[in-house]
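This briefing is meant for a reader who is meeting the structure for the first time. Please look through the sequence and the model before turning to the notes below.

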Amino acid sequence: MSSSSGDSTDRQIDSSGVPGLDEILGGGLTPRRLYLIEGVPGSGKTTFAMQFLLEGARLNEPVLYVTLSETREELTDTAASHGWSLEGIAIHEAIPSEASLSHEEQYTMFHPSEVELSETTEVILDEVNRLRPRRVVFDSLSELRLLAGSPLRYRRQILALKQFFAGRNCTTVLLDDMTSSDRDLQVQSISHGVILLEQLNPEYGSDRRRLRVVKYRGRQFRGGFHDYAIQHGGLIVFPRLVAAEHRTTRDSTRMPSGIAELDTLIGGGIESGTSTLIVGAAGTGKSTLAAQFVAAAAERGQPSAMFIFDERVNTLLSRTAGLGIDLQKHVESGLTTIQPVDPAELSPGEFCHRIRQAIDRQHAELLVIDSLNGYLNAMPGERNLIIQLHELLMYLGQKNVATVLISAHQGLIGPNMTSVIDASYLADAVVLLRYFEIRGEIRQAISVVKKRGGKHERTIREFRLSNGRIELGEPLRNFRGILTGVPVIEPSSFDSSEAKDRE
């Protein structure tokens, strides 16, 4: 049940106001409960809090921001950087004034915690009773912890605040910047829900951010880490992909390439709901082959999406146009989208989010990832990359989307060609492109080495990018050892093969 206008006491759930987070939380936040948001400075806690309150203001709810560290001016500047106005949000500054610096204001007989905590709490509670807000944010607990002086008094203070706000139909969010030397589990045990914001610093590229729901009483939520980004307009969360949540029962259809010899080789074309891995050395024509499938799909009116890591869009369009593959007109018509991916600025969650948008909004039926090498380089610190790729392929299969993956071999020619990432066992079909040398000339060969659930030609054919088009020759039956890169001509067929070449 989504959040709507009216009294929050009549609602079962409140929206957090952060795109993607409600999906992780199983719908949103349970009203009249206390929540803890933990994160180091710079992880986006204040931005999160503003989005939470702005969502309440949008629903005409009275909301209150209690700041114990930042001034109203600083909060206003933060909001302006996202294009927001804090109009409709009551801000209460509970920070020491300049007068506290004077000698007369220094305590001599009493510890500051015995005076300041009581005074601060009393002022805050008076403000709450005056405004009767439905949403409150405390920023931050580190100040309250210092004012309390002792762990016992701090815990009792939080418990008292929890009971106070619950009795006033108020959803409360506490921010903790985790500046304490010891990890504070006191508030975690008291809180109804806890969300941890993390900021990671890779050796190269921009910072990566992820969150985890540590606890959420009485509600099923999606566990594990979820990537998020701070963009203009606030936090956006990319929920971890779970393929089992997207099961469909659509029939599989065949998607031919439009080249008769190629379709014969791969058994009539690629099938929807399956993944095809095109693997080979650099320059063998892997991207061109994928572009041919995309163009053929567009000619049939089927939308496609290409995510390219290793090539500029203009280069791809001009290069494929020289081979008779007119992707430009399909891009202009909207049937084909080409999204370049910057390897230094991407997180796995955001990449999956872009793919989900291509499926849900553009209804793409064919998806190309070019290449897995770029995908791996974009996320060098991600140890579970192969598991994420498996989940992604499962999701695309559930959505009945045909997926083409491209992977470049290390090296150019020889028997010991290897891939940086071995995804051959994940793919339903594997198309192999290889260089081979014959009579002092470098040529290319294509073969299908794997295809689940369908017949395919087991021959090796010559593959050429010439005469302004893709060409496949007859099966290379007069050679052995083509896949080693240095084949041997069968003696019995040498003369006839040479004569045929002269013709």
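The notes that follow begin with the chain as a whole and then turn to particular places in it.

The model is a predicted one, and its protein chain holds 15 helices and 23 strands. Of the 503 residues in the protein chain, 51% are buried. Among the contacts in the protein chain with a separation of 6 or more, 70% are made by residues 24 or more positions apart.

**A pair of packed helices**

- Two packed helices are described by the angle between their axes and the distance between the axes.
- For helix α12 (residues 348-360) and helix α14 (residues 385-398), the axes come within 12 Å and cross at roughly 10 degrees.
- Because angles under 35 degrees count as roughly parallel, α12 and α14 are roughly parallel to each other.
- On the α12 side the contact is formed by Pro348, Phe351, Cys352, Ile355, Arg356, Ile359 and Asp360, while α14 contributes Gln388, Leu392, Tyr395 and Leu396.
- Sorted by class, the contact of α12 with α14 consists of eight nonpolar residues, one polar residue and two charged residues.

**Cysteines**

- Cys352, one of the α12 residues in that contact, has a relative accessibility of 10% and therefore counts as buried, given that the cut-off for buried is under 20%.
- Cys170 also counts as buried, with a relative accessibility of 2%.
- Across the whole structure, a search for disulfides finds zero.

**A buried threonine in a loop**

- Thr284 sits in the loop between β12 (275-280) and α9 (286-299), and with a relative accessible area of 0% this residue is buried.
- The side chain of Thr284 reaches the backbone oxygen of Ala281 at 2.7 Å.
- Leaving aside residues up to four places away in sequence, Thr284 touches Leu433, Arg434, Tyr435, Gln444 and Phe463.

- Gln157 belongs to helix α6 (residues 151-166) and is buried, its relative accessible area being 14%.
- Twelve residues along the chain separate Gln157 from Arg145, and their C-alpha atoms are 9.4 Å apart.
- Gln188 belongs to helix α7 (residues 186-190) and is likewise buried, with a relative accessible area of 11%.
- Although Gln188 and Ile37 are 151 residues apart in sequence, the distance between them in space is 9.6 Å from C-alpha to C-alpha.
- A polar contact at 2.9 Å links the side chain of Gln188 to the side chain of Glu38.

**Cis peptide bonds**

- Asp139 and Ser140 are joined by a cis peptide bond whose omega is about 0 degrees, and Ser140 lies in the loop between β4 (135-139) and α5 (141-148).
- Asp370 and Ser371 are also joined by a cis peptide bond, here with omega of about 10 degrees, and Ser371 is found in the loop between β15 (366-370) and α13 (372-378).

**Asparagines with positive phi**

- Asn60, in the loop between α2 (45-58) and β2 (63-67), has phi near 65 degrees, which is a positive value in a residue other than glycine.
- With a relative accessibility of 69%, Asn60 counts as exposed, the cut-off for exposed being over 50%.
- Asn467, in the loop between β20 (461-466) and β21 (469-475), has a positive phi as well, near 55 degrees, and counts as exposed at 66% relative accessibility.

Notes
Residues are numbered from 1 along each chain as its sequence is written. This is a predicted model: local features need pLDDT of at least 70, side-chain atom pairs count only at pLDDT 80 or more; totals for chains, interfaces and linings use all residues. Side-chain values use heavy atoms; hydrogens and water are left out. A disulfide is a pair of cysteine sulfur atoms within 2.5 Å. Buried means under 20% relative accessible area, exposed over 50%, partly exposed in between (1.4 Å probe, protein chains only). Helices (H or I, at least four residues) and strands (E, at least two) are DSSP runs, numbered from the N terminus. A polar contact is a pair of N or O atoms within 3.5 Å; within protein, one must be able to donate a hydrogen and the other to accept it, and residues adjacent in sequence count only if both atoms are side-chain atoms. Contact means heavy atoms within 4.5 Å. Axes are lines fitted to C-alpha atoms, for helices over the stretch in contact, and angles run from 0 to 180 degrees between N-to-C directions. Angles under 35 degrees count as roughly parallel, over 145 as roughly antiparallel, 65 to 115 as roughly perpendicular and the rest as oblique. Ala, Val, Leu, Ile, Met, Phe, Trp, Tyr, Cys and Pro count as nonpolar, Asp, Glu, Lys and Arg as charged, and the others, Gly among them, as polar.
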